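Student: Could you go through this model with me, a piece at a time? I'd like to start with how the terms are meant.

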Amino acid sequence: MNDLQGVSFRPLTIPTSMDASDADEFREFTRVRNAVYREISGRDDDALQPEELLPHYQPDPEEIRHIWVVLDGDEIIGRVGLDIPLEADSHVAFWFIELLAAHHGRGVGTAAYALIEQTAREHGRTVLQSWAQHPDVPGPRLAAPTGFGSIPEDRVARFYLRNGYTLEQIERESALDLEASVADVARLLADAEAASSGYRVVQWQVPTPAEYLDAYAWMKSRMSTDTPMGELEFDEEVWDAARVERHERRVLDGGRTMLVTAAQHAETGELVAFNELVIGADPAGPSQQQDTLVLREHRGHRLGMLVKCAGLTTWRAEIAPHSPKVITYNAEENRPMLDINEAIGFVPVAYNGAWKKVLAPAEEEAE
């Protein structure tokens, strides 16, 4: 059914600050974003304030970010986004379509997807990838080709399939009760310290000290090559000190706090593992565990457990004592990292499907 009368797509007005005279649309855009996530999950764990979100929509030398508001008359009913990475020889693009549930079934998503694909082609992109949460419901299921996990063949899955996408990976969202996990974290930290002689823990709140910038940038670059990704395609990202500083400026400009916990090889001084924890301006809000990585050549020394537990210990004691929980995401086949998380006390709360389409040349699709 197509009921697009009054529906339009318009590039989002992006203010320079939330105090600017043209900031009202961005404020409403953020409210709708948060409402969509609440409708899907029944939780507010992914909610952001406009001030937190705005820095991520400012010009970025690493990507072109197209973002449209979906309007029904003058009312914002959703948002559409397409990210174009600017790594050398990149041919991938990442997108999302998010609509308030009251507007499902009108054909709005189909019209939005046509805009996505047209814009991606204009940038010469041939691989489109997207993620969506699939709440568990009875009925037929789709298994990931990785052999780990499945999702229901729900309305969202059928949308992807209808548009030529294949399910490539399942991503698990997990939550940790910070108070209930204190004893386990202390015990596991002591075990990891005993197993990782020859390494020491170093920590900092961003901005990263100059002495660690280059090593941290190198580890950040490995996130694009050394984590399980199935048949998804990611560019090898080039991180240097300047890119780290830009990334951290977005965190700080949004009023957020980030702790980085790293493992340092005592003999060489090299940083070889890291973990990131982040919280917004609300000290009683949920925390987010972001990137975690152990460099391949230093695996097998319990360094993943070391940096996670050391980070959580400092986080609860010194930085975010009123935060009730930590949210994190992992590929379902990433058993080494999930084993660590499960031992600490993380439990699954949701599953996302990772979807991919390789575009045929335009002339073939026309046939």
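Tutor: Contact, or touching, means heavy atoms within 4.5 Å. This is a predicted model, in which local features need pLDDT of at least 70 and side-chain atom pairs count only at pLDDT 80 or more, while totals for chains, interfaces and linings use all residues. Residues are numbered from 1 along each chain as its sequence is written, and side-chain values use heavy atoms, with hydrogens and water left out.

Student: OK, so what does Pro 11 touch, not counting residues up to four places away in sequence?

Tutor: Pro 11 touches Glu 25, Ile 67 and Trp 68. Pro 11 is found in strand S1, where helices (H or I, at least four residues) and strands (E, at least two) are DSSP runs numbered from the N terminus.

Student: And is Pro 11 buried or exposed?

Tutor: Pro 11 is exposed, with a relative accessible area of 53%; buried means under 20% relative accessible area, exposed over 50%, and partly exposed in between, with a 1.4 Å probe and protein chains only.

Student: How far is Pro 11 from Val 80, in sequence and in space?

Tutor: They are 69 residues apart in sequence, and their C-alpha atoms are 9.3 Å apart in space.

Student: Let's zoom out. What is the strand order of the open sheet?

Tutor: The open sheet has twelve strands in the order S1-S2-S3-S4-S5-S14-S8-S13-S12-S11-S10-S9, with mixed pairing; two strands pair if DSSP finds at least two bridges between them. Strand S1 (7–11) and strand S9 (199–205) stand at the edges with a single partner strand each, so one side of each has no neighbour in the sheet. From one strand to the next, the twist averages 20°.

Student: How does S1 pair with S2?

Tutor: S1 and strand S2 (residues 63–72) pair in the antiparallel sense over five bridges, and Phe 9 stands opposite Val 70 in S2. S2 in turn pairs with strand S3 (residues 75–85), again in the antiparallel sense, over ten bridges, with Asp 83 in S3 as the bridge partner of Arg 65. S2 and S3 form a hairpin with two residues between them, and Gly 73 in the turn has a positive phi of about 70°.

Student: Which way do S4 and S5 run?

Tutor: Strand S4 (residues 92–99) and strand S5 (residues 127–133) run parallel and are joined by three bridges; the bridge partner of Phe 94 in S5 is Gln 129.

Student: What about S8, how many of its residues are buried?

Tutor: Nine of the twelve residues of S8 are buried, so S8 counts as mostly covered. S8 runs antiparallel to strand S14 (residues 347–358), with nine bridges between them, and also antiparallel to S13, with seven bridges. Glu 173 has Ala 350 in S14 as its bridge partner, whereas Glu 171 stands opposite Ala 331 in S13.

Student: Switching to helices: how do H6 and H7 pack?

Tutor: Helix H6 (residues 210–222) and helix H7 (residues 241–253) pack at an angle of about 80°, with their axes 8 Å apart; the axes are lines fitted to C-alpha atoms, for helices over the stretch in contact, and angles run from 0 to 180 degrees between N-to-C directions. The residues of this contact divide into five nonpolar, one polar and four charged, where Ala, Val, Leu, Ile, Met, Phe, Trp, Tyr, Cys and Pro count as nonpolar, Asp, Glu, Lys and Arg as charged, and the others, Gly among them, as polar.

Student: Where is Arg 243, and is it buried or exposed?

Tutor: Arg 243 is in helix H7 and counts as buried, at 9% relative accessibility. Not counting residues up to four places away in sequence, Arg 243 touches Glu 62, Glu 87, Glu 237 and Val 238.

Student: Last topic: which residues other than glycine have a positive phi?

Tutor: Among them are Asp 89, with a phi of about 60°, and Arg 302, with a phi of about 65°.
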